[in-house]
Amino acid sequence: MGLFFSVKYGNENSIFPGRAAGSQRRQGICGILMQEDMEMSDRLANIRQEILDGIKERANSRAEAFELRKQFLDSKTGKIGQLMKEMKSIAPEERAGFGKSVNELKEWAQQRFMELDEKMKERELQRRYESERIDVTMPARNVETGNLHPVTQIRNQLMDIFVGMGFEVAQTREIENDYYNFEALNIPKDHPARDMQDTFYLSPEFLLATQTSAAQIHTMEKKKPPIKIVAAPGKVFRSDDDATHSPMFHQMEGLVVDRKITLCDLKGMLELFVKKIFGEDTTTRLRPSYFPFTEPSVEVDVSCFSCGGKGCKLCKGTGWIELLGAGIVNKKVPENCGIDSEQYSGLAFGIGLDRTAMLKYGINNVKLLFESDLRVLRQIDDN
Ligand code: DAH
């Protein structure tokens, strides 16, 4: 307990002798009404009591405790802060005693408010514990997991199969220039094969890739034989639009370049792949075809996995379904990339991923793959 003054304002013994005269001077410096006969010790005791009452009745949270603290301890507006300011007007001989008492009160108040803050902190933590309590016996909420898009599922399946056969995975690009998309693949400017892939030009030189075959060139420029790659993700674009064609679709390109590669390698490899995708009973047949970058070129059909080759709606009664284009790499293509075509030969193939997905999952309109209708996409979960 501090040393309190027993003197009164306004009488002869006052520590504020000059104040007794004018009633205005009785007003505290910062607006505290100083009652003439209020003893200094009473004032301090009152503040002390006000603090205790406030702590008891008005501090239910840290924020409230903080506000309360401000009322007393704020250096400008707090009641104790204001007492400090009165120092100036106190007779010099009384100053030390007054200062000591106010300081003691201040320290006492700081201590109380520190304890109060600790208490409030603890209480708020308890409240949080209560409100955030977890009932571990409650049944877990079901998290709905989606599935991969059918085209992605097919791409993953194909990549697994080919990687299993020792293929590396190369990247395809969505934008190519005329050289990679056509020229280097033996499709010069005036070649009619360009018409079949009528496309979207970004400038006279750049275009949206019409086929993944450009990956052959990028690969052979960077890597020398033996080469064994499949290229993904395979997004390509053409100005086509009907039930079986979409302006954007997906392919997977395959390329093998090594010594003595023949059509037998191609057939053996594709046979293995179709059995894994469409079932063990599926077989393949090669039909002559034409692509400028392969010579000879073939169209690969698979035996209809729906009717087993007897003839049905899916295979239009023929027993066979056209699946992909392939061939032995035309010598001009590796030569364009600085590979000696006397020493090395290659095979290449391009698989339509959307087409494979449609066949495998019985989807009759390619648009269904790109409309993002979850009722359709949810049905296909094959991974
Ligand atoms: N690029 C061809 C197309 O989009 C598909 C193709 C055919 C790719 C034969 C090949 C191939 O690698 O050898 O129609």
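Guide: Ser372 is exposed, with 9 other C-beta atoms within 10 Å. Exposed means that 12 or fewer other C-beta atoms, placed from the backbone, lie within 10 Å of a residue's own; 20 or more make it buried, and anything in between is partly exposed. Please keep in mind that this is a predicted model, in which local features need pLDDT of at least 70, side-chain atom pairs count only at pLDDT 80 or more, and totals for chains, interfaces and linings use all residues. Residues are numbered from 1 along each chain as its sequence is written.

You will find Ser372 in the loop between α11 (353-361) and α12 (374-377). Helices (H or I, at least four residues) and strands (E, at least two) are DSSP runs, numbered from the N terminus. Most residues other than glycine have a negative phi, and most peptide bonds are trans.

Lys260 also has phi near 55°, again a positive value in a residue that is not glycine. Lys260 sits in the loop between β6 (248-258) and α9 (263-278), and it counts as exposed because it has 8 C-beta neighbours inside 10 Å.

Now for the cis peptide bonds. One joins Pro225 and Pro226, with omega about 5°, and Pro226 belongs to the loop between α8 (214-222) and β4 (227-232). Another links Glu295 and Pro296, with omega about 0°; Pro296 is part of strand β8 (residues 294-303).

From there, let us turn to the ligand. Its surroundings include Thr294, Phe291, Ala326 and Phe349, where a residue is near if its C-beta atom, placed from the backbone, lies within 6 Å. Two elements, β9 (320-329) and β10 (345-352), each give two or more residues to this shell.

Ala326 and Phe349 turn up again in the largest nonpolar core, a set of 60 residues: together with Val257 and Leu347, they touch the most other members. Such a core is a set of buried Ala, Val, Leu, Ile, Met, Phe, Trp, Tyr and Cys residues joined through C-beta atoms within 7 Å. Apart from it lies another core, of 16 residues, including Ala59 and Phe72.
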